[in-house]
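Subject: Structure handover

Hi,

My notes follow below it.

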Amino acid sequence: MQSASLFERASAVTPGGVNSPVRAFRAVGGVPRFMTSGDGCHITDVDGNTYLDLVCSWGPMLLGHAHPEVIAAVQAAVSRGTSYGTPTQTEVELGEEIVARTPVDKVRLVSSGTEATMSALRLARGATGRDKIVKFAGCYHGHVDALLAQAGSGVITLGIPGTPGVTEATTADTIVLPYNDQAAVSAAFAQYGDLIAAVITEASPGNMGVVPPADNFNAFLAKTCTDNGALFISDEVMTGFRITKSGWYGVDGVQPDLMTFGKVMGGGFPAAAFGGRADIMSQLAPEGSVYQAGTLSGNPIATMAGLTTLRLATDDVYAKLDETSLTIQRLVATALEKEGVPHVIQAAGNLFSVFFVDSTEGSGVIRDFAGAGAQVLPRFAAFFHAMLDAGVYLPPSAFEAWFVSAAIDDDALADLESALVPAARAAAAVQN
Ligand SMILES: *Cc1c(COP(=O)(O)O)cnc(C)c1O
């Protein structure tokens, strides 16, 4: 197996053999597959195995891989040179597209979601003159030091409780609260109200599995922030331009002070952004005094890929993504029910995940990080490997959303339905 020999070479030159921990197979066992190409809804590995891709590069590939119009736009851009370190028209157009789709007045382009949330926090602290930040357990906002406390995603997958290298001083101003818990938020504001610069939350969390906000939770957060002179930061790096044209904002319409974007808006290249109210954004350098910069920010190739992707992501595309996602959820539920595998499927628009829980307290709904943590992980591992063997690539972790692309067609859905038969059986064979 060539993936195995590449993994050995990779492990010799990079820690754990991967350049981002979520790509490792530690939680499910086995060797990560090294991909060589993608086409539509499929990806192909070095051994020539082709998989239906339900990771989509962890979100960006909304239109599927190697979309002809995106590739053509990128190739044309590359032939004009790859970076100038000056402003370009494409970044203006991408900024205009983001401003048109979302409630932000102004945006600043950066290169990763991590940079976006890091910069938004700095701006919130600069704008309010306050230090403390509220975040929620199970929400991931990139590997920003101050936000790595109980950070979901790769951090839970690997069972790392805190992160060595992040000093206590760095997280001393981070208040971590249980998600969907209004009383905990009120208590934190009662104690620290005039010290809190911002509340940051995933608009609809997808990094502990999909755990949507309870009714009014985001509206409650926005109001609590306003009442206390703090800023409400909605992290839409995962949901932005994926769930609807305007992300989760298009679902609940709660107006944040600042927002962060990434993933889809880069069309498979490193591009991200943060944005918000004009009066807050104007405090950024060079207009204001809060410094933030990037050599490759607004890179002409990345912005062309993102702009072309967003322009192709029409209402019809979002309608198709919703339909595809619902079909897949139904197929998974049917297969698991047939084999008697206990589970809960939760969705936020076209994002969804399958929780392999034996039972849920009361409501049958996973509301927070503790609920997501109650999964029977070996059952997911068995399911994952059976799916992989049958040609379906899922996130190699029980704590991740599944991502659909607009390239998934009826043939792919039929393949998926067949793959689910042995996978549900494999999950059923694992005793708790
Ligand atoms: C992926 C993600 C990030 C981090 O983005 P990177 O580009 O990986 O740095 C931040 N917030 C959320 C909600 C994400 O899903």
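Which helix gives the largest share of the negative patch? H15 does, with three residues. This is a predicted model: local features need pLDDT of at least 70, side-chain atom pairs count only at pLDDT 80 or more, and totals for chains, interfaces and linings use all residues. Residues are numbered from 1 along each chain as its sequence is written, and side-chain values use heavy atoms, without hydrogens or water.

The negative patch

On the surface, Asp322, Glu323, Asp409, Asp410, Asp411 and Asp415 form a patch of negative charge. Patch residues have over 30% relative accessible area and no salt bridge, and like charges are joined within 9 Å. A salt bridge here is a Lys or Arg side-chain nitrogen within 4 Å of an Asp or Glu carboxyl oxygen. Helices H12 (315-338) and H15 (410-428) each supply at least two of the residues. Helices are DSSP runs of H or I, at least four residues; strands are runs of E, at least two. Asp322 lies in H12.

The annotated lysine

UniProt, in an unreviewed entry, lists Lys263 as "modified residue: N6-(pyridoxal phosphate)lysine". Such annotations may be inferred rather than shown by experiment. Lys263 sits in the loop between strands S9 (258-261) and S10 (272-276). Its relative accessible area is 25%, so Lys263 is partly exposed (buried is under 20%, exposed over 50%, partly exposed in between; 1.4 Å probe, protein chains only).

Backbone points

Ala285 and Pro286 are joined by a cis peptide bond, with omega about 10°. Trp58 is not a glycine, yet has a positive phi of about 65°. Trp58 is buried, at 16% relative accessible area.

Best wishes

Terms used. Patches are made of residues with over 30% relative accessible area and no salt bridge: like charges are joined within 9 Å, nonpolar side chains (Val, Leu, Ile, Met, Phe, Trp, Tyr) within 5 Å. Accessible areas come from the Shrake-Rupley method with a 1.4 Å probe; for residues, only the protein chains shown count as cover. Lys and Arg count as positive and Asp and Glu as negative; His and the chain ends are not counted. The place of a charge is taken as NZ of Lys, CZ of Arg, CG of Asp or CD of Glu.
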